[in-house]
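My plan is to look things up one at a time and jot down what I find.

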Amino acid sequence: MARNFPLWATFCLLARVAGLFFLLAAGADAHAVLIASAPENNDILTVAPEKILLRFNEAVRVVRFSMVAADGVAREISASSTGAEIKGSLPGPLADGTVIVSYRVVSEDGHPVGGSIVFHVGKPSPRSSSVSDIPSKALHTAIWLVTIGSTLGLAIIVGGSFFNCWLSPAGARRQSPALAAVAIMLVLAGLYLQGLDDIGMGPGWAELEPIAQAFADKTGIAQCLKLVAIMLAALPFAPRPRSARLVSATALAVASLAFTLTGHSSIAQPRFIAQGSIFLHAAISLFWIGSLPPLLRLSRSTEDQRPLRFFSRLIPIPFVLMLLAGLLLAVMEIPRIDIAWSSLFARVLAFKIGLVAVLCMLALYNRFWLTAPALAGNPAARRRLRWSIGSEIGLALLIVAAASLWRFAGPEQYQYAHAQPPVSLHLHGQKAMAELEMTPQPDGTADIRVSILTLKFDPMQPRSVSLGLRNTLRGIESLKYGLTHAGDGTWAAGNLPLSDIAGWSVDVQVLIDDFNLVHLEGDLPTGTD
Amino acid sequence: MIRHLALTVAGIFCIAGSAQAHITLEQAEAVSGKAYKAVLRVGHGCEGKATVRIRVKIPEGLLSAKPMPKAGWTLEKIRGTYEKSYDLYGKPVKEGLTEIVWQGGQLADDEYDEFVFRVTPAKELPAATRIYVPVVQECTEGAVERWIDIPAAGKTSDDYETPAPFFDVVAQPRS
Ligand SMILES: [Cu+2]
């Protein structure tokens, strides 16, 4: 915007001069008027439109045609005009939410006029219909539980198979088919439930649509990779120890790859570092968790104790790598969450760090104080080792549970968790003043309430009140809303496209009587945070 | 339901608010104390709808207003008292027309017409005063355009979507 400013200013000046000439010469001052548009202003559309059509009362030339979609990014619209009609192709696909299309056209008198059309794509705002936009708690709980179950299953099968193949001299101990079947069911259930969440439904049956939806992004592929990993680890593909080792390593790699595809950490920048860290973090976590049940079994029995010794010697290196990768991810993620320490994301992170700290102490205790005496056959040390591995399993469960919460606590969830506070503004004019309060709504729109007062702070009864909105910062041309007289004497409107308060200026237009209009103008204060 | 209705009303307003075909006065200047022929030029209806009524507020300081009758339109003349007494050709005047209404006609959106009245700017008006003449344009289907915006300090009529037509009062040339 700012980059175009000198050009724009020059154009304005030229247009003014041209307009002046017209005024002197012909005396006609006929500005173009928008007569109709499709979508119409304030339309609520279930499907995002591909085109926008504007019809004016006379032939116009497009100077600027742009839009601000729900993501807040301003984009140009390519337009073709045929006389009084302008067709624009909206850059798609449009995300659900409020779209503001702004136009600036020049009519025959050379005077530019601008305006905006606002429409809403997707679900209407939660309060304007019975359709609930609030995410289904039951569905989210189900997704959470299923994710915990499938992640633990994946770790026990894939990580356990890796442990058995590489560390256990007894060779490939097959995973229980029943456990594999349960894990596969959980992965499939997770796929379906996440698809349901994507299409905005509660728990229920919606035929194949959720599956199609899950495959529209990377969720589907990730879940498929998990299935492949479970099958590789659980099925007797390779009877010989050497090939079994390879298969189990492949299974672990495939399962870890699945984690790099989803989750908001995977889109942190620089991407390859983020995804590499996730891969490492996931692979080691799966291995560690998967090793715990066989270790527990070993510590109980009188079997060959060498795996325990191997594990105890080996684990510090991957464990430190896992911590480092996790730390790197957290550091990469933190700048993207607006330092929102009260957000769910940060709380989950803090909780997880706490659990990992306890785990570290337990691991150190295991490694340096318990393992050697336990291997030497000290019964008290063996008992404590069993107790310690059991606690590690409990901690693993809690860590997986916490990590699975992240799906609901990405940086983007921050906005939902913390609706912006209401903004109020006092506007003072020569004949009247206004108290304005704007309340941002969770759906990205805002409600407004205005009280009109006389200069002596008495309530005033104007004939009508309308609100002009403009955002020069984001190139949004003037929008005008007629306010409705609420029962309590204030004037109100809803569904204003103000997901972000910054840069908006307001013009409260108070019609005192037929011939007297008062403009009360001001800028919305930008949020405190 | 009420919310939906409100949204619809807001929507209608929104389209109406964006840009206008201005109503203007033909002569940009009037001489203080002399009759001024005000020609209101109406180049468009409201949002494409035909104009059916033009209401003109005669501002304070414009004396002995007289509308010019117009074929196809009926006139309504509303009298009132001025805020103060003015001297007109040596006589004090304290009342006169304060509002003129042309109605009953039909001016399509794609047609142009002029509405004429005569006024005398009071000699008491300071020289180089800009006089704003608020006009309300009413159209079919209840559509209304109010050409009543008077610029605040530091602004011009161009800053408004529906500016009131205006002219400047200049001092009588000495002869
Ligand atoms: Cu005040």
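How many disulfides does a search of the whole structure find over all chains? I ran the search and got one. The cut-off is a pair of cysteine sulfur atoms within 2.5 Å.

**Ground rules.** This is a predicted model, where local features need pLDDT of at least 70 and side-chain atom pairs count only at pLDDT 80 or more, while totals for chains, interfaces and linings use all residues. Residues are numbered from 1 along each chain as its sequence is written, chains are lettered from A and ligands numbered from 1 in the order in which they are written, and side-chain values use heavy atoms, with hydrogens and water left out.

**The disulfide.** I reminded myself that a disulfide is a covalent bond between the sulfur atoms of two cysteines. Here B:C46 is joined to B:C139, with 1.8 Å from S to S. The two cysteines are 93 residues apart, so I noted where each sits: B:C46 is in the loop between β3 (36-42) and β4 (51-57) of chain B, and B:C139 is in strand β10 (residues 135-139) of chain B. Strands here are DSSP runs of E with at least two residues, and helices are runs of H or I with at least four, both numbered from the N terminus. The torsion about the S-S bond is about 75 degrees, so I wrote "right-handed" next to the B:C46 and B:C139 pair.

Are these cysteines buried or exposed? B:C46 is buried at 0% relative accessibility, and B:C139 is buried too, at 6%. Buried means under 20% relative accessible area, exposed means over 50%, and partly exposed is in between (1.4 Å probe, protein chains only). I also looked up A:C224, which is partly exposed at 32%.

Most residues other than glycine have a negative phi, and most peptide bonds are trans. I went looking for exceptions. B:E47 has a positive phi, near 45 degrees. B:E47 is in the loop between β3 and β4 of chain B and is buried, with a relative accessible area of 17%. B:Y89 also has a positive phi, near 50 degrees. B:Y89 lies in the loop between β6 (74-88) and β7 (91-107) of chain B, and is exposed at 64%. A:P39 is in the loop between β1 and β2 (43-45) of chain A.

**The copper ion.** Which protein atoms are the donors of the copper ion? I listed A:H426 (NE2), A:H428 (ND1) and A:M433 (SD), lying 1.9 to 2.3 Å from the ion. Donors are N, O and S atoms within 2.8 Å of the metal (3.2 Å for Na, K and Ca), and water is not among the atoms, so sites may look incomplete. Along the chain the donors follow the spacing H-x1-H-x4-M. A:H426 is partly exposed at 35%, while A:H428 is exposed at 56%.

**The strands around it.** In a regular strand the side chains alternate between the two faces of the sheet. β10(A) pairs with strand β11 (residues 433-440) of chain A in the antiparallel sense over six bridges; two strands pair if DSSP finds at least two bridges between them. A:V423 has A:M438 in β11(A) as its bridge partner. A hairpin of four residues joins β10(A) to β11(A).

**Another sheet.** I also found an open sheet of four strands in chain A, with the order β1-β3-β7-β6 and antiparallel pairing. β1 (34-38) and β6 (78-82) of chain A are the edge strands, each pairing on one side only. β1(A) pairs with strand β3 (residues 51-56) of chain A over four bridges, and A:S37 stands opposite A:L54 in β3(A).

pLDDT is the predictor's confidence in each residue, from 0 to 100. Chain A averages 75, with 77% of the residues scoring at least 70. In chain A, confidence is lowest in helix α12 (residues 413-417), at a mean of 38, and highest in strand β17 (residues 504-513), at 90. Over residues 1-30 of chain A the pLDDT stays under 50.

How values were computed. Contact = heavy atoms within 4.5 Å.
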